[in-house]
Amino acid sequence: MPNLIAKSALFGRAPLTLSGTTLAEAQIGPITSVAAFRGKLAKVKKVLGGFPAPNTVSGNLIWTGPEQAFVLGQAPDLSGLAAVTDQTGGWAALRLSGPLAADTLMRLYPLDLRAAHFPKDTCARAPLGHMQSILIAEETGFLILIFRSMARTAWHEIETALQTLTARSSAEI
Amino acid sequence: MRLTCPLCGPRDRREFYYSGTEDYLNRPPEGAPIEAWDDMLHLRTNPAGVTKDLWYHETGCGSWLLVTRNTVTHAVLATELVAARKGGAA
């Protein structure tokens, strides 16, 4: 098998920085969805070395639903314990970091994303505009997982929101 | 309007899909007379007051919720996971 060149969803898109806030495509490697079979959650937990509580991230595990999580990076063998699907090619990852990150995303998400309410290692399955997404709070910003086919729309939405806030902050009143 | 998803917390109404009455949870047993099925599928009350219905957390965690609300005051009184009910995850 020849070594093919994998193109990411926003291949070639340069990062955008406005008001010290940067929007960039993130490379997060393999994504595997793990959905525990009924009654097998305890065993799945053992193999994975834990399982994230609802709306949290723990290590390379992201909670994505009831008894369901995404594993970033190499996933262990869970045959017989969980429904495991490779989702690597299905998602685009965007990272928004900087002082306007929360305000920008709060224009698109119906959630309170201020650090006091949505601290680091919190995650949410929530709509970005009308798009399904997974939002993860990081140290200085957010990681957004969006369906790959919607990557450019998501970029456009976030870019527009960030531009609006930048214009407002620099406007003379 | 906001609904509190037992898993995700309080969320906006736009994240949810409204399915209909809780009657859909009460399927007649096997061999039940045709009238019981007819009732389950078609017979609805239309209360002015407390009602229970099913909502799907569509752009959230994908859970089905049983929501108790008041159609007169618009108060949302309770939400619970259908999967957490007896036989709910079957």
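## Basis of the description

Residues are numbered from 1 along each chain as its sequence is written, while chains are lettered from A and ligands numbered from 1 in the order in which they are written. Because the model is predicted, local features need pLDDT of at least 70 and side-chain atom pairs count only at pLDDT 80 or more, whereas totals for chains, interfaces and linings use all residues.

## Chain A as a whole

The secondary structure of chain A comes to three helices and eleven strands, where helices (H or I, at least four residues) and strands (E, at least two) are DSSP runs numbered from the N terminus. Along the sequence these elements follow the pattern β-β-β-α-β-β-β-β-β-α-β-β-β-α.

Taken along the principal axes, the C-alpha atoms of chain A fill a box of roughly 65 × 45 × 25 Å. A compact globule with 173 residues would have a radius of gyration near 16 Å, and the 17 Å of chain A agrees with this; the radius is taken over C-alpha atoms, and the globule rule is 2.2 Å times the number of residues to the power 0.38. Of the 173 residues, 38% count as buried, a term that requires 20 or more other C-beta atoms within 10 Å of the residue's own, while exposed means 12 or fewer and partly exposed lies in between, with C-beta atoms placed from the backbone. Among contacts in chain A between residues at least 6 apart in sequence, 64% join residues at least 24 apart, two residues being in contact if their C-beta atoms, placed from the backbone, lie within 7 Å.

## The two domains of chain A

Chain A is divided into domain 1 (17-26 + 90-170) and domain 2 (31-86), with bounds that come from an automatic or database domain assignment. The centres of the two domains, taken over C-alpha atoms, are separated by 25 Å, and eight residues of domain 1 are in contact with eight residues of domain 2.

On the side of domain 1 that touches domain 2, strand 9 (123-128) and strand 10 (131-137) each supply at least two residues, and strand 9 gives the most, with three residues. By class, this side of domain 1 has five nonpolar, one polar and two charged residues; here Ala, Val, Leu, Ile, Met, Phe, Trp, Tyr, Cys and Pro count as nonpolar, Asp, Glu, Lys and Arg as charged, and the others, Gly among them, as polar.

The 20 residues of helix 3 of chain A should span 28 Å at 1.5 Å a residue, and the distance of 28 Å between its end C-alpha atoms agrees; the expected span is 1.5 Å times one less than the number of residues. Its buried residues include Ala151(A), Trp155(A), Ile158(A) and Leu162(A). Seen down the helix axis, the buried residues of helix 3 fall within an arc of 165 degrees, so they line one face, the arc being that of the directions from the helix axis to the C-beta atoms. The face turned away from the buried side carries the exposed residues His156(A), Ala167(A), Arg168(A) and Ser170(A). Thr164(A), which also lies in helix 3 (residues 151-170), is partly exposed, with 13 other C-beta atoms within 10 Å.

Ser19(A), in the loop between strand 1 (16-18) and strand 2 (21-25), has a positive phi of about 50 degrees although it is not a glycine. Asn55(A), found in the loop between helix 1 (41-48) and strand 4 (57-58), has a phi near 65 degrees, a positive value in a residue other than glycine. Asn55(A) counts as partly exposed, with 19 C-beta neighbours inside 10 Å.

Chain B has one helix and six strands, which follow the pattern β-β-β-α-β-β-β along the sequence. Its C-alpha trace spans about 40 × 30 × 20 Å along its principal axes, and buried residues make up 17% of its 90 residues. Glu30(B), in the loop between strand 3 (16-21) and helix 1 (34-42), is exposed, with 5 other C-beta atoms within 10 Å.

The contact between the chains takes eleven residues from chain A and twelve residues from chain B. Strand 9 of chain A gives the most to the side of chain A that touches chain B, with four residues, and by class this side has six nonpolar, three polar and two charged residues.
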